[in-house]
Amino acid sequence: MNSDLNVGLIGYGTVGKGVVKILEKNKSIAFRKSGVSIKVKSICDLNPIDRAELYVKNYMDVIKDPSIDIIVELIGGYEPARTVITEALKNGKNVVTANKAVLAKYWDEIFSLAQAKKRMVYFEASVGGVIPVIQGLNEGLAGNEIKKIKGILNGTTNFILSKMTNESMSYADALANAQKAGFAEANPTSDVKGFDTANKLAILSSIAWGSWIKVNDIRVKGIDQLDVEDVKITSDFGYVFKLIGSAIKTDKGLDLWVEPCLVDHHHFFANVHNEYNAIMITGDACDDVVFYGKGAGQLPAAAAVVSDIIDLSKYVSNGTAGLVQNVIYSKNKNIKFLSHGESKSDYYLRFTVVDKPGVLSKISGILGSYGVSIASLYQNDRNQDKKVSIIITTHRALSEHIETALKEIDKLSITKAKTVKIRIED
Ligand code: HSE
C-alpha cells in the first residue's frame with residue numbers, strides 16, 4: 001500500500017482552483033478518510049498559473065508521468081477533454097472528471113476503455129455540483145428498480161428564473177450575474193438552451209437503466225424563449241417556472257425531456273432557489289428520495305471532485321482500482337422511448353386572440369374535440385375587438401392532442417399570435 005498519492009490536474013479554471021484549495025485546507029481529513037497523503041503534483045493549463053512550481057504546459061507530460069496516480073480532468077467542453085480522459089486511461093491512470101458533456105456523448109467509449117484497461121472513471125461533480133447523486137443513485141439506491149428521475153439540474157437557469165421571479169430582474173441581468181458568480185458554462189448557451197440539463201439527465205438515466213441513454217433520446221427545450229408576460233401571469237396564479245429534466249419509465253418506454261415547467265408554489269421544486277439543484281428519484285422499493293444542494297459554483301463543484309479523489313485513492317493505494325467497475329451497463333439493452341406525442345401532462349396555454357363574443361367557444365370546442373379537458377380559464381383584460389390574452393389550464397392531456405388542437409386554433413382568424421404552451425408539473 002502506497003502512503004503517498006499524486007494527482008495530476010488538467011484544467012485550472014474556477015473548479016480546478018477550488019480543488020487545490022480544498023485539498024490543501026482539508027489535507028488531514030483527506031488523509032483520515034483515504035489512508036494516504038494526497039498531493040497535487042502537476043497542474044496543466046493553457047496559460048501559466050499562479051502555482052509556477054506545479055505548472056506543466058503539455059497535458060501528455062502529466063498523463064505520462066509515472067509518479068502520477070490519478071488524472072483530474074477539469075477542462076470542460078469536448079476537446080481536448082475527451083482525449084485527456086481516453087489517453088489517461090490508455091496510459092493506465094484512473095480518472096476523475098466533472099465533464100458532463102464528454103460523459104454524455106462518449107459514455108460507451110469511456111467506460112468500455114476503463115473496463116478494458118481495468119481503471120476507473122469517477123464523475124460525481126458532473127451532475128448536481130456537490131450533491132452526491134451519482135453515488136446515491138449508483139450505490140445507495142442500487143437495490144431499486146428506478147421508476148422516475150426528476151430534477152432541477154442546472155444552477156445557472158435556476159438562478160436566472162429565481163431572480164426573474166423573486167426580484168423582477170431582467171433575463172439579461174440575471175444571466176450576467178450567474179456568469180459573474182461562476183455558475184455558467186464558458187458558453188452559457190448550453191445552460192440556457194437546456195443542453196447542460198440534458199447531459200446530466202442522460203448520465204443519471206444511463207446509470208438508472210443500465211444502458212447508455214444518449215442526449216439525442218431526450219427532447220430538449222431551454223429557458224431562452226420564455227416570455228416575461230408568462231412569468232408574471234403565472235406568478236399571480238401561484239406558479240413558479242423551473243427548468244426540469246425528467247425521465248419516467250412507462251409501459252411503452254422511457255419518456256425523457258428537458259423543459260421549462262410550471263410548478264405550484266407549494267411544490268418542493270418551487271422552493272429550490274438560485275444555484276441550488278434538487279433531484280427526486282423514485283424507486284419501486286424506496287419510493288421518493290430527494291437530493292438537494294448547491295448545483296454550481298467553485299467550492300460545491302470542487303468538493304465533489306475532492307470526494308471522488310479521496311474515494312478513488314483508497315482503491316488506487318491498495319491496488320484494487322478498476323478490478324470492479326463503478327459503472328456497469330449493457331451495450332445491447334433494447335431500450336424503448338416514448339415519442340413526444342405520447343407524453344402526458346397538465347398544460348398552461350396562453351392564447352392571443354381578438355376580444356369578441358364567440359371566441360372562447362371556438363377555442364374550447366377545438367380543445368374538447370381532441371379530448372382535452374379544461375381545468376381553469378382566465379381573461380385578464382377587456383380590449384373590445386382588439387388583442388387579449390386568454391389563459392387556459394388543462395387536465396392531463398396527451399401532448400399529441402394538445403399540439404394538434406393548437407395547430408388548428410393558431411390557424412383561426414381570431415388568433416393573433418402563436419399560442420404559448422407550458423407543462424404544469426404535479
Ligand atoms: N453550468 C452548470 C450549472 C455548472 O449552471 O449548473 C454545473 O454543472
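A polar contact, as the term is used in these legends, is a pair of N or O atoms within 3.5 Å, and within protein one of the two must be able to donate a hydrogen and the other to accept it. The views below are all taken from a predicted model.

**View 1. The start, buried residues and end of helix α11.** At the start of α11, a side-chain oxygen of D227 reaches to within 3.0 Å of the backbone nitrogen of E229, a pair that falls inside the 3.5 Å limit for a polar contact. The helix itself covers residues 228-236, and its buried residues are D230, V231, I233 and T234. These buried residues of α11 pack against α7 and against the strands β9 (239-250), β10, β13 (344-354), β15 (387-394) and β17 (415-425). After the helix comes G238, a residue with a positive phi near 85°. As background to this view, an α-helix has 3.6 residues a turn, so residues three or four places apart point the same way.

**View 2. The residues around the ligand.**

View 3. A polar side-chain atom of K100 is placed 2.6 Å from an oxygen atom of the ligand, and a polar side-chain atom of K200 is placed 2.8 Å from a ligand oxygen atom. For N154, the distance from a polar side-chain atom to an oxygen atom of the ligand is 3.4 Å. On its own the ligand has 260 Å² of accessible area, and the protein covers 92% of that area.

View 4. T197 is placed in helix α10, and it counts as buried because its relative accessibility is 0%. The C-alpha atom of T197 is separated by 19 Å from that of T282, a residue 85 places away along the chain. S205 likewise lies in α10, and its relative accessibility of 0% is why S205 counts as buried. With residues up to four places away in sequence again left out, the contacts of S205 are I149, G210, S211, I213, A247 and L256.

**View 5. H267 in the loop between β10 and β11.** H267 is found in the loop that runs between β10 (253-264) and β11 (276-283). Although it sits in a loop, H267 counts as buried, because its relative accessibility is 17% and the cut-off for a buried residue is under 20%. A polar atom of the H267 side chain lies 2.9 Å from the backbone nitrogen of F269. Not counting residues up to four places away in sequence, H267 also touches E425 and D426.

**View 6. Helix α12 and the glycine that follows.** Helix α12 spans residues 298-317, and its 20 residues reach 28 Å from the first C-alpha to the last, close to the 28 Å expected at 1.5 Å a residue. The helix is mostly covered, with 14 of its 20 residues buried. It is followed by G319, whose phi is positive and near 80°.

**View 7. A cis peptide bond and two residues with positive phi.** E79 and P80 are joined by a cis peptide bond with an omega of about 10°, and P80 is placed in the loop between β4 (70-73) and α4 (81-90). K118, which is not a glycine, has a positive phi near 55°, and it is found in the loop between α5 (100-117) and β6 (121-122). With 45% relative accessibility, K118 counts as partly exposed. D287 is not a glycine either, yet its phi is positive at about 65°; this residue is found in strand β12, which covers residues 287-294. D287 counts as partly exposed, because its relative accessibility is 48%.

Technical notes: Residues are numbered from 1 along each chain as its sequence is written. This is a predicted model: local features need pLDDT of at least 70, side-chain atom pairs count only at pLDDT 80 or more; totals for chains, interfaces and linings use all residues. Side-chain values use heavy atoms; hydrogens and water are left out. Accessible areas come from the Shrake-Rupley method with a 1.4 Å probe; for residues, only the protein chains shown count as cover. Helices (H or I, at least four residues) and strands (E, at least two) are DSSP runs, numbered from the N terminus. The expected span of a helix is 1.5 Å times one less than its number of residues. Buried means under 20% relative accessible area, exposed over 50%, partly exposed in between (1.4 Å probe, protein chains only). Contact means heavy atoms within 4.5 Å.
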